[in-house]
Amino acid sequence: MNNYNRIIFVCTGNTCRSPMAATIMQHNLMGIDISVESRGMVVLFPEPYNPKAVAVAASHGMIMPSNNAKQIDNSDFGKNTLVLVMDSSMKTKLYNNYDKAINVYTINEFIGCDNVEVSDPYGKGIEEYHKCFEILLELVNRAAAIIINNINEQSKEEL
């Protein structure tokens, strides 16, 4: 497995799912030198992160950065960058629309589990944001464990 120094989560608008996932991953990787970011597939303007997503993350003791939505572009891809998307259609669109796209996986694919749906809570009630966060928490915690294990294995090899 590649030794990634950058992880980018991607969802549709970069206001809910990918910022929540990035926040969870940052929480897991505290003290580890890996950049964790989020992007959107369709970002028409730099909209602030959704207040419901921010509130749900805070209710789990995690502070989302006060960033604005940002569109993914070719400069985001690289051999040491892991790009994790919410579903297989996003993965296909990234490979079809960005000639520099590499290391793109669905979160499910990366952790080797059956396809768990990470539904977009955008425009729905706070309970849908809570459900989405809980699903992301499980998936991203598993992804973080794989990344940390990979770092530990790499460290052993270097000794």
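Student: How many aromatic pairs does the structure hold?
Tutor: There are two aromatic pairs in it (ring centres of Phe, Tyr or the six-membered ring of Trp within 6.5 Å; planes under 30 degrees apart are stacked, over 60 edge-to-face, the rest tilted). Bear in mind that this is a predicted model, where local features need pLDDT of at least 70 and side-chain atom pairs pLDDT 80 or more, while totals for chains, interfaces and linings use all residues. Residues are numbered from 1 along each chain as its sequence is written, and side-chain values use heavy atoms, without hydrogens or water.

Student: Ok, what's the geometry of Phe77 and Tyr98?
Tutor: That pair is tilted, at 5.8 Å centre to centre with 45° between the planes.

Student: And which parts does it tie together?
Tutor: Phe77 sits in the loop between α2 and β3 (81-85), and Tyr98 in the loop between α3 (88-97) and β4 (104-106), so the pair joins parts 21 residues apart in sequence. Helices here are DSSP runs of H or I, at least four residues, and strands are runs of E, at least two.

Student: Where do Arg6 and Asp76 sit in the chain?
Tutor: Arg6 is in strand β1 (residues 6-11).

Student: Last one: where's Phe45?
Tutor: Phe45 is in the loop that runs between β2 (35-40) and α2 (51-59).
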